[in-house]
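You asked for a colleague's read of this model. Here are my notes, in short points.

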Amino acid sequence: MGNILRLLGRRLIALPFMILGITLLVFIVLQFAPGDQATAALGENSTPEAREAYRESHGLNDPLVVQYLSFLGRLLTLNFGTTTPPESPISAMIAGAFPVTLQLTFWGVLIAAVVSLVLGIVAALWRHRWPDQVIRVVSIAAVATPSFWLGILLIQWFAVGWRILPSGGYTSFFDDPGKYAASMIMPAVALAIPVCASLIRVVRTSMVEELDKDYVRTAIGNGVPRGEVLRTNVLRNALVTPITVLGLRIGYLLGGAVVIEMIFSMPGMGQLILNGITNKDVNLVQGVVITIAVTFVLVNIVVDLLYLLINPRIRTV
């Protein structure tokens with residue numbers, strides 16, 4: 001418990017500096033984005049006087065340092081500003097859309113973790129035999145499959161062809177659990193398959209390396225059941241690297257969820273960021289990107305804590 005608390009303390013101390021760096025990077029990049037916020041808000045037919053008044057009232061004529069400090073001040077109260085007319089609070093929009101993206105990412109992570117763990121262990125235990133060869137071929141094919149293309153194929157097969165699943169949309173679990181599962185299964189599978197394929201190879205490699213160590217042969221030679229050795233020692237030690245890779249892949253899953261949401265017409269962060277880019281709404285894009293980036297940082301803190309829960313002997317920095 002002491003190691004976990006020390007690690008958590010170090011990560012929490014570093015967290016504000018990481019968030020500050022994220023906000024600074026997002027702010028600077030979007031300052032060089034093409035287009036003019038005043039023109040995007042008021043329209044191409046607006047007068048130069050109206051556009052200048054809009055810039056003045058929204059602080060767009062202030063120095064960049066002043067704009068950034070004002071931006072940070074709003075973030076402290078979770079205020080991302082408002083969208084271009086018709087003005088709507090961006091925080092409220094994110095609060096409605098972010099849970100959809102989180103749910104899709106969660107199911108994608110769960111599918112990827114379970115499938116890769118099972119198939120990776122099977123491939124390692126049956127290495128160089130037909131199960132290993134089949135899993136290897138399937139994983140190579142899956143890792144080369146873009147998630148958006150796979151999503152389109154799933155719609156053609158299960159929605160257009162067999163008509164057993166909806167082609168898109170989202171239904172809340174509390175409204176109808178059955179429709180919720182039906183609306184989530186294809187997007188989650190499309191999101192998980194490419195990540196799952198790469199994780200299978202990582203799990204297999206970690207398991208093979210651990211199985212070849214001397215302590216495994218010694219324990220089995222001394223009469224310890226093979227299943228017990230695999231469960232209590234090999235699997236625990238071999239999971240460290242896959243968890244590291246999965247933690248890094250969660251960022252990919254969050255970004256991929258934005259694309260998948262557009263294919264399946266889900267009201268998540270993908271719809272918001274598309275609206276922000278289409279309408280040249282800098283505030284909306286900033287809010288979405290910062291929310292996703294901060295979530296990725298927090299998830300990696302959780303992954304670091306999982307290291308110690310799985311194997312307390314691991315030393316972290």
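1. Overall fold. This is a predicted model. The protein chain has 13 helices and zero strands.

2. Dimensions and burial. Along the principal axes, the C-alpha atoms of the protein chain fill a box of roughly 85 × 55 × 35 Å. The protein chain has 317 residues, and 39% of them count as buried. Take the contacts between residues at least 6 apart in sequence: 72% of these join residues at least 24 apart.

3. Salt bridges in general. Side chains of opposite charge can pair when their charged atoms come close. The search of the whole structure finds six salt bridges.

4. Arginine 55 and glutamate 52 meet through their side chains in a salt bridge, at 3.4 Å from N to O. Why can these two sit side by side? They are three residues apart in helix H3 (residues 48–57), so about one helical turn separates them. Glutamate 52 has 40% relative accessibility, which means that it counts as partly exposed.

5. A bridge between distant parts of the chain. The side chains of aspartate 212 and arginine 127 form a salt bridge, at 2.7 Å from N to O. These two residues are 85 apart and link distant parts of the chain. Aspartate 212 lies in the loop between helix H8 (177–211) and helix H9 (214–221). Arginine 127 lies in the loop between helix H5 (90–125) and helix H6 (130–143). Buried or exposed? Aspartate 212 is partly exposed, at a relative accessible area of 37%. Arginine 127 is partly exposed too, at 27%.

6. Arginine 136 makes a salt bridge with aspartate 132, with the closest N and O atoms 3.3 Å apart. Both residues are in helix H6, four residues apart, so they are separated by about one helical turn. Arginine 136 is partly exposed, at 24% relative accessibility. Aspartate 132 is at 0% and counts as buried, because the cut-off is under 20%.

7. Helix H10. This helix covers residues 226–238, 13 residues in total. How far apart are its end C-alpha atoms? They are only 16 Å apart, short of the 18 Å that a straight helix would reach at 1.5 Å a residue. H10 also bends, by about 25 degrees, at threonine 232.

8. Which residues of H10 are buried? They are Val229, Leu230, Val234 and Ala238. The cover over these buried residues includes H5, H8, H9 and helix H11 (240–263).

9. Rolling a probe the size of a water molecule over the atoms shows where empty space is left. The structure holds one cavity of 30 Å³ or more. The largest cavity has about 40 Å³ of space. What lines the largest cavity? Its lining consists of Pro166, Gly168, Gly169, Ala182, Ser183, Met186, Pro187 and Phe264.

Methods. Residues are numbered from 1 along each chain as its sequence is written. This is a predicted model: local features need pLDDT of at least 70, side-chain atom pairs count only at pLDDT 80 or more; totals for chains, interfaces and linings use all residues. Side-chain values use heavy atoms; hydrogens and water are left out. A salt bridge is a side-chain nitrogen of Lys or Arg within 4 Å of a carboxyl oxygen of Asp or Glu. Buried means under 20% relative accessible area, exposed over 50%, partly exposed in between (1.4 Å probe, protein chains only). The expected span of a helix is 1.5 Å times one less than its number of residues. The bend at a residue is the angle between axes fitted to the seven residues ending there and the seven starting there. Contact means heavy atoms within 4.5 Å. On a 1 Å grid over the protein atoms alone, a cavity is a set of points where a 1.4 Å probe fits but cannot get out, and a pocket is an open set with protein on both sides within 12 Å along at least five of seven lines; lining residues have an atom within 4 Å of a point. Grid points are joined across faces, edges and corners, and a volume is the space filled by probe spheres set on the points.
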